[in-house]
Amino acid sequence: MDFWSGYAWPTVLVVLQIIAIILPLIIAVAYLTLAERKVMAAMQLRQGPMVVGPFGLLQPIADGLKLLSKETIIPSGANRMLFILAPMITFFLSLVAWAVIPFDDGWVLADINVGVLYLFAISSLGVYGIIIAGWSSNSKYAFLGGLRSAAQMVSYEVSIGFVIITVLLCVGSLNISDIVKAQQTIWFAIPLFPMFVIFFISALAETNRAPFDLPEGESEITGGFMVEYSSMTYALFFLGEYANMILMSGMTTILFLGGWLPPFGIAPFTWIPGVIWFVAKILFCLFVFIWVRATLPRFRYDQLMRLGWKVFLPFSLAWVVITAGVLTAFGWLPN
């Protein structure tokens, strides 16, 4: 009895909670691909997927079945173990970060006091999957794409780090739930608007999304770091990219858009459950991700690096200093 109540039952509960998070997330990733195609089609005055199922709603399932039925081709000179492991790393890291993200007040798998550091560490590890994929393919084109992606992601992680530090100065805690509760008066997107913009643009670069999709520059390096991948190994990279989009939208929502909090603390806004507000804000951020892709052309690589190192880095560092100075001068530092 002690074994069941002290170990087995808590383990079963944790597993059920993990499934309750991952299963909707995987479904959301699949249908985000459909949403992107539909939204971009509407912006470009065409119809998008509309053949498979009513209104094309079964298109993600058809795409998944097609990729599952394809042969996984491994290049003869590739490192077989690392070649297969790389896409798994990318997809796995995009899922484990959700362990510390609260969907509502108390709705979190692991409410740890260093949740922000955990999120930053997981998002930073994502570069390993891409570097391993580029190197293990034994292709100079894939390797070049992997190096470009590594340089890009490392460059914009620096800016993301300074943005997070600015938010932490205003909160005084590394706990993610505390960050959300600190925005009950005003969302940080308003007083920290420049950092909000920098964070979102850096999230585009961190997830290799347009206009920063340089690792997949087809016209320059024939498809980037995943040029040798096919079937489900390719699909895992694809799913990892979209899962990272949802993750970065979730981080944007938590750090700047009040998490599960309604925009106004009055009825009828307070009648809507917090998890609905959280999902709605993530959907808005994802819409902007797609909007940017449909609107802007791809940056050149020198423009990408100049923006990260010569614009975002000094500006975000200066804003950290200014924020700390203002909080200290007016006695607004959190306890």
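This is a predicted model: local features need pLDDT of at least 70, side-chain atom pairs count only at pLDDT 80 or more; totals for chains, interfaces and linings use all residues.
Modeller: Local features here need pLDDT of at least 70, and side-chain atom pairs count only at pLDDT 80 or more, while totals for chains, interfaces and linings use all residues. Residues are numbered from 1 along each chain as its sequence is written, and side-chain values use heavy atoms, without hydrogens and water.

Colleague: Why is I19 called partly exposed?

Modeller: Buried means under 20% relative accessible area and exposed over 50%, with a 1.4 Å probe and protein chains only. I19 has 44% relative accessibility, so I19 counts as partly exposed.

Colleague: What makes W4, W9, V12, L13, V15, L16, I19, L23 and I27 a nonpolar patch?

Modeller: A patch takes residues with over 30% relative accessible area and no salt bridge, and joins nonpolar side chains (Val, Leu, Ile, Met, Phe, Trp, Tyr) within 5 Å. A salt bridge is a side-chain nitrogen of Lys or Arg within 4 Å of a carboxyl oxygen of Asp or Glu. Together these residues have about 820 Å² of accessible area.

Colleague: How many residues lining the largest pocket are nonpolar?

Modeller: Ala, Val, Leu, Ile, Met, Phe, Trp, Tyr, Cys and Pro count as nonpolar. The lining has 22 nonpolar residues, one polar and no charged. Nine of the lining residues come from α1, the largest share.

Note on methods:
Patches are made of residues with over 30% relative accessible area and no salt bridge: like charges are joined within 9 Å, nonpolar side chains (Val, Leu, Ile, Met, Phe, Trp, Tyr) within 5 Å. Accessible areas come from the Shrake-Rupley method with a 1.4 Å probe; for residues, only the protein chains shown count as cover. Helices (H or I, at least four residues) and strands (E, at least two) are DSSP runs, numbered from the N terminus.
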